[in-house]
Amino acid sequence: MGRHKQPEIRDRILDACVDHALVHGLPDRLEPLAAASGTSARMLIYHFGTRDALLRETLRRARRRQRDFFGELVSPRPEEPYPSTLRRAWRVMTGPAGRPYLTMFGRLREDAGQQLWPDFRRESTTDWLQPFEEGMRSMGRPELATLVLAVVRGLIMDIETTGEVSRADQAFEDFLAALVLVTGTQAHDARGES
């Protein structure tokens, strides 16, 4: 009788592959993922079928982690004006905790990764609309979610392309000020003052 696949082992391996890929990017070969997960390339194929299947699952698991993490960051909080929530979320997303996700998925937007996830460009846009709609609903303007998403994505691409974080940070602060004017709401500045 053959060996039965054990889902918990596969899940542990996949988590280790995601951790590795967030730090080092997706490798061209299986060996780095095998080493990171404490197994062999043969066992990776056993559990995932092919290298591309493993890379696809690694990307999807990383994206799910990112959606959960960033989704929590941009969710409205009853005790906090939404522009303050966006400011804090921006700092975390573009800071050390969020940068690995931005780097990984920025690379995926390039052609090489598109074969692993052909609909990524569309999905990576539409999956953020709902959290931003909820936040903008707290300001009475859910229809501005597309604008918020476009600004966030555009400034992230700017950072990835130029590396000019302080310029992008200032642009985001300017955007938040404009958002407060357009919606007629109050915002707390970086020190928590109105």
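A cavity, as used here, is a set of grid points where a 1.4 Å probe fits but cannot get out. Keep that in mind for the exercises below, and remember that the model is predicted.

**Exercise 1. Find out how many cavities of 30 Å³ or more the structure has, and how much space lies in the largest.**

Solution. Start with the whole structure: a search turns up one cavity of 30 Å³ or more. Next, take the volume: the largest cavity holds about 190 Å³ of space.

**Exercise 2. Work out which residues and elements line the largest cavity.**

Solution. Begin at the centre. There are 17 lining residues, and Q66, L102, W128, R153 and I156 lie nearest the centre. Now move out to the elements: α4 (51–74), α6 (99–108), α8 (120–126) and α10 (145–162) each give two or more residues to the lining. Which of them gives the most? That's α10, with five residues. Last, sort the lining by class: ten residues are nonpolar, three polar and four charged.

**Exercise 3. Describe the aromatic pair of F70 and W128.**

Solution. A pair of aromatic rings is described by the distance of the centres and the angle of the planes. Here the centres are 5.9 Å apart and the planes make 35°. Planes under 30 degrees apart would count as stacked and over 60 as edge-to-face, so this pair is tilted. Then place the partners: F70 sits in helix α4, while W128 is in the loop between α8 and α9 (129–137). They are 58 residues apart, so to speak a link between distant parts of the chain. In total, the structure has six aromatic pairs.**Exercise 4. Characterise the packing of α4 with α5 (residues 82–93).**

Solution. Geometry comes first: the two axes come within 8 Å and cross at roughly 150°. For the contact, α4 brings F69, F70, L73 and V74, and α5 answers with Y82, T85, R88, A89, V92 and M93. By class, that's eight nonpolar residues, one polar and one charged. Notice that F70, from the aromatic pair with W128, is also part of this contact.

Key: Residues are numbered from 1 along each chain as its sequence is written. This is a predicted model: local features need pLDDT of at least 70, side-chain atom pairs count only at pLDDT 80 or more; totals for chains, interfaces and linings use all residues. Side-chain values use heavy atoms; hydrogens and water are left out. On a 1 Å grid over the protein atoms alone, a cavity is a set of points where a 1.4 Å probe fits but cannot get out, and a pocket is an open set with protein on both sides within 12 Å along at least five of seven lines; lining residues have an atom within 4 Å of a point. Grid points are joined across faces, edges and corners, and a volume is the space filled by probe spheres set on the points. Helices (H or I, at least four residues) and strands (E, at least two) are DSSP runs, numbered from the N terminus. Ala, Val, Leu, Ile, Met, Phe, Trp, Tyr, Cys and Pro count as nonpolar, Asp, Glu, Lys and Arg as charged, and the others, Gly among them, as polar. Rings of Phe, Tyr and Trp (its six-membered ring) pair if their centres lie within 6.5 Å; planes under 30 degrees apart count as stacked, over 60 as edge-to-face and the rest as tilted. Axes are lines fitted to C-alpha atoms, for helices over the stretch in contact, and angles run from 0 to 180 degrees between N-to-C directions. Contact means heavy atoms within 4.5 Å.
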